[in-house]
Amino acid sequence: MKKFVLFLFFLLSLNLTFSQQKSTGKTNNKSVKTTRKHDTFNETITITNKKLQSFIPKGYNAIAQQNGDLNLDKIADCILVLRKATEETTSNMDENKPDKRLVLLLLGQKDGSYKLAYKNENAAYCIDCGGLFGDPFNAIAIKNGYFSIEHRISGGHHWEHITTFKFNKAKNNWYLYKDHFINYILNPSSAPDAEALIANVDKLKTVKDFGEISFQQFNIYSERGY
């Protein structure tokens, strides 16, 4: 009788333990959480100009620097693109939690210093915004009051997305000028001189399509652009 009671107690204890584990989601086996490391083609660059270094917040690194005349005053300006130092393991676009990158418009001054005009964390795609195809951010270009932010993906899937902004001297600001997206597919042609890729989607939007959008309002993550 005593053995039966002990056996019954053992069964009840086992059942209680199982129920607690089920309700809390815990087991005796330790689960190891693995973190996927995102691929990037944008290595950290060294900013040698100490007057530019002061614009880089703690915990961020620069991945692009481009110089040119942004506001047509004939003084060299600079655009910096910054990323979180941890983005390779902490950005999670799949759960809508990207580590957003900072794009800074820095205006050169006569004394050689720089002044922050605007910054935008929604102007450049995140490290995992290209999904399995890697980091889409490609480059910054500046020319005579215009600047472009360029994104490209190649390898299994090919597309490019270039947003161009234009300086408005009267408003002392930059506004979205063009938004150009092109998607490419393999060319089915067997002609020996045929291009390997051809565009099957080519969407060019201008101010007539999206209206007036300032740089600081622009949001590349939004279909509307702001």
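User: Which residues do ring pairs link into a cluster?

Analyst: First, the idea. Rings of Phe, Tyr and Trp (its six-membered ring) pair if their centres lie within 6.5 Å. Planes under 30 degrees apart count as stacked, over 60 as edge-to-face and the rest as tilted. In this predicted model, ring pairs link Tyr125, Trp159, Phe181 and Tyr221 into a cluster.

User: What should I know about the model and its numbering before going on?

Analyst: It is a predicted model, where local features need pLDDT of at least 70, side-chain atom pairs count only at pLDDT 80 or more, and totals for chains, interfaces and linings use all residues. Residues are numbered from 1 along each chain as its sequence is written, and side-chain values use heavy atoms, with hydrogens and water left out.

User: How many aromatic pairs does the structure hold?

Analyst: The structure holds 10 aromatic pairs. Take Tyr125 and Trp159. Their centres are 6.2 Å apart, with 80° between the planes, and the pair is edge-to-face.

User: Where in the chain do Tyr125 and Trp159 sit?

Analyst: Helices (H or I, at least four residues) and strands (E, at least two) are DSSP runs, numbered from the N terminus. Tyr125 is in the loop between β4 (114–120) and β5 (137–143). Trp159 is in strand β7 (residues 158–168).

User: Are Tyr125 and Trp159 buried or exposed?

Analyst: Buried means under 20% relative accessible area, exposed over 50%, partly exposed in between (1.4 Å probe, protein chains only). Both Tyr125 and Trp159 are buried.

User: Why is the pair of Tyr146 and Tyr177 edge-to-face?

Analyst: Look at the angle. The planes of Tyr146 and Tyr177 stand at 70°, with ring centres 5.3 Å apart, so the pair is edge-to-face. Tyr146 is in strand β6 (residues 146–153) and Tyr177 in strand β8 (residues 173–186), 31 residues apart. Tyr146 is partly exposed, at 29% relative accessible area. Tyr177 is partly exposed too, at 33%.

User: Which charged residue sits over the ring of Tyr175?

Analyst: A charge sits over a ring if NZ of Lys or CZ of Arg is within 6 Å of the ring centre and within 35 degrees of the ring normal. The charged end of Lys171 sits over the ring of Tyr175, 5.5 Å from its centre. Lys100 lies over the face of Tyr221, at 5.0 Å from the ring centre. Tyr221 also belongs to the ring cluster.

User: How many helices and strands are in the chain?

Analyst: The chain has 4 helices and 9 strands. Their pattern along the sequence is α-α-β-β-α-β-β-β-β-β-β-β-α.

User: In what order do the 5 strands of the open sheet run?

Analyst: Two strands pair if DSSP finds at least two bridges between them. Here the order is β5-β6-β7-β8-β9, with antiparallel pairing. The edge strands are β5 and β9 (197–206), and each pairs on one side only. Between β8 and β9 there are 9 bridges. One partner of Leu186 across them is Leu197, in β9.

User: Which residues other than glycine have a positive phi?

Analyst: Asn96 and Asn172 are examples. Phi of Asn96 is near 60°. Asn96 lies in the loop between α3 (87–90) and β3 (102–108), and is exposed, with a relative accessible area of 62%. Asn172 has a phi of about 50°. Asn172 is found in the loop between β7 and β8, and is partly exposed at 47%.
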